[in-house]
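Here's a quick briefing to read with the structure open beside you. Take it one topic at a time, and find each residue as you go.

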Amino acid sequence: MSSESIEVPQSFIGPLSGEVKILVGVQKALSDRPGVLASARGLSHFGEHSLGWLGLAAAGGAAAQVRGDKANRNQWIAAGVGAFGAHAASVVIKRIVRRRRPHDPRIAIGVGTPSKLSFPSSHATSTTAAAILIGRAAGLPSGALPAALVPPMLLSRLVLGVHYPSDVIGGALIGATCAAAVTAGERLTRTEN
C-alpha cells in the first residue's frame, strides 16, 4: 500500500461542522496571506517545549542579576518556572484526555508535532503563563504582554492545523491558572519568611 494520500471526494467526507468548520475557515481566511505560514511556523518553533520562553526568562534573570536586583531576578526565575510548569501540566493533561489532533482531510497540517495528542495546546498553555509572568518581571502594565503575545500564538496553532479552537482556549486558561499559582506561591513564601 502506498504512503501517498488519496484525494477523497467532498461527497464522501460530509459537510463541515463544529470546530472542524472553524478550523477550515481560519485556514482559508489566513493561510494564503503573505508571511502568515512562515510566522506561524516561527512561533511554533519558538514555543516548542516552552524553550523560547525559558530563554527569555533566563536572559531577563541574568540582566537582573548583573544589575544586582535580586527581587527582579526572582521574578524572571518565576517566569521560567511558570512557563515550564505550564508546559508540563499540559503534557500531563494531554495524556489523560487523549484527544487526537485534527485529522480531517480538509485541514492542512503546516508543522510537525511531537505527539498525536491535541488537548490542551502546550504552546497556548506555556505562552499564556510566560506572557503573564514575563510581563510582570519586565514591569509592563498588567495584561499588556498577554494581549500582544497570546492571540497570535493561539491563532498560529489553528493556521498550522494542529489544534482545534477548544485546544488553544483550554490551553490559555490552564496557562493563566499556572501563572496565578506561581504568583500565589510567591506571596505564600513571602508571608512565611
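This is a predicted model: local features need pLDDT of at least 70, side-chain atom pairs count only at pLDDT 80 or more; totals for chains, interfaces and linings use all residues.

Residues are numbered from 1 along each chain as its sequence is written, and side-chain values use heavy atoms, with hydrogens and water left out.

**Salt bridges**

- Searching the whole structure turns up four salt bridges (a side-chain nitrogen of Lys or Arg within 4 Å of a carboxyl oxygen of Asp or Glu).
- One of them pairs Arg99 with Glu19, with the closest N and O atoms 2.8 Å apart. This pair links distant parts of the chain, 80 residues apart: Arg99 is in the loop between α5 (70-97) and α6 (122-137), and Glu19 is in helix α2 (residues 18-30). Helices here are DSSP runs (H or I, at least four residues), numbered from the N terminus.
- Arg99 is partly exposed at 25% relative accessibility, and Glu19 is partly exposed too, at 23%. The cut-offs are under 20% relative accessible area for buried, over 50% for exposed, and partly exposed in between (1.4 Å probe, protein chains only).
- Asp104 and Arg106 also meet through their side chains, at 2.9 Å from N to O. Asp104 counts as buried at 16%, whereas Arg106 is partly exposed at 22%.
- Glu186 bridges to Arg136, and here the closest N and O atoms are 2.5 Å apart. Glu186 sits in helix α8 (residues 165-192) and Arg136 in helix α6, so the pair ties together parts that are 50 residues apart in sequence.
- In that pair, Glu186 is buried at 15%, while Arg136 is partly exposed at 25%. Elsewhere, salt bridges that share partners join Glu19, Arg99 and Asp167 into one network.

**A buried glutamine**

- Gln27 is found in helix α2, and it is buried, with a relative accessible area of 7%.
- A polar atom of the Gln27 side chain lies 3.5 Å from the backbone oxygen of Leu158.
- Leaving out residues up to four places away in sequence, Gln27 touches several others, including Arg106, Leu158 and Gly161. Contact means heavy atoms within 4.5 Å.

**Helix α3**

- Does the span of α3 (residues 36-47) agree or disagree with what its twelve residues should give? It agrees: at 1.5 Å a residue the helix should span 16 Å, and its end C-alpha atoms are 16 Å apart. The expected span is 1.5 Å times one less than the number of residues.
- Ala40, Ser44 and Gly47 are buried in α3. Seen down the axis, the buried residues of α3 fall within an arc of 80 degrees, so they line one face of the helix; the arc is that of the directions from the helix axis to the C-beta atoms.
- The buried residues pack against α4 (51-67), α6 and α7 (144-159), and on the other side of α3, Ala38 and His45 are exposed.
- Just after α3, His49 takes a positive phi of about 55 degrees.

**The nonpolar core**

- The largest nonpolar core has 37 residues, and those with the most contacts inside it are Trp53, Ile134 and Leu154. Such a core is a set of buried Ala, Val, Leu, Ile, Met, Phe, Trp, Tyr and Cys residues joined through side-chain atoms within 4.5 Å.
- The largest share of this core, seven residues, comes from α6.
- Among the residues that Ile134 touches are Trp53, Trp76 and Leu145, not counting residues up to four places away in sequence.

Conventions: Helices (H or I, at least four residues) and strands (E, at least two) are DSSP runs, numbered from the N terminus. A polar contact is a pair of N or O atoms within 3.5 Å; within protein, one must be able to donate a hydrogen and the other to accept it, and residues adjacent in sequence count only if both atoms are side-chain atoms.
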